Amino acid sequence: YKYTLAFLKKDDEILMLNRNFAPWMGSWNGVGGKVKNNESILDAIVREIYEETNIKVAKDKVIDKGFVTWNDVHEFSSGLHVFLVNLSGDFKYETPKVTNEGILDFKKIDWLLNKENTGVCSNIPYFLEDVLYSDIRYNHYCVFNDDKLESVKKHKI
């Protein structure tokens, strides 16, 4: 897959981006983006985290959590690599922070996992718990119909 997505966790919160651009414009999402030609997936997510947040993370702190894929193929992709970064409890980062990509802010995990939450990307509450708490890597396959999420199925990788 040509895209990456990371969740930067600190205690019971995750640094999220309210996106200025499609896909998911106006929704809270993790940070990430496109993998450049001849760039490794790991190099791509470390670069994207820095570009979108100005936070430098060491490659050995980035945990590969699998994939999120979907049936609805628009111009963007049909899947992405998902990563978790655990920030130390004493990590300081002032939010909210306005950037070119959108607004960065820490959001409570319980808020993000609520399936009734219409402010977060609709599929995140269905895969984020595994990203945060499971040692198993999954492919979370999302089925969309007319841009509405119908189901999410997970398969061990």
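I'm working from a predicted model, where local features need pLDDT of at least 70, side-chain atom pairs count only at pLDDT 80 or more, and totals for chains, interfaces and linings use all residues. Numbering starts from 1 along each chain as its sequence is written, and side-chain values use heavy atoms, with hydrogens and water left out.

**Strands.** I took helices (H or I, at least four residues) and strands (E, at least two) as DSSP runs, numbered from the N terminus. Strands pair if DSSP finds at least two bridges between them. I found β2 (residues 13-19) antiparallel to β7, with seven bridges; there L17 partners L104. On β6 (residues 97-98), K97 stands opposite L104, and β6 pairs with β7 antiparallel over two bridges. A hairpin of three residues links β6 to β7.

**Burial.** I call a residue buried under 20% relative accessible area, exposed over 50% and partly exposed in between (1.4 Å probe, protein chains only). In β7 (residues 102-108), five of seven residues are buried. For α3 (residues 124-133) I get seven of 10, including I124, F127 and L128.

**Cores.** A nonpolar core here is a set of buried Ala, Val, Leu, Ile, Met, Phe, Trp, Tyr and Cys residues joined through side-chain atoms within 4.5 Å. Which members of the largest core touch the most others? Of its 23 residues, they are F7, I14, M16, I124 and L128. Helix α3 gives the largest share, five residues. Another core of 17 residues lies apart, and L104 is among them.

**I124.** Beyond neighbours within four places in sequence, I see I124 in contact (heavy atoms within 4.5 Å) with F7, M16, W28, N29, G30 and L112.
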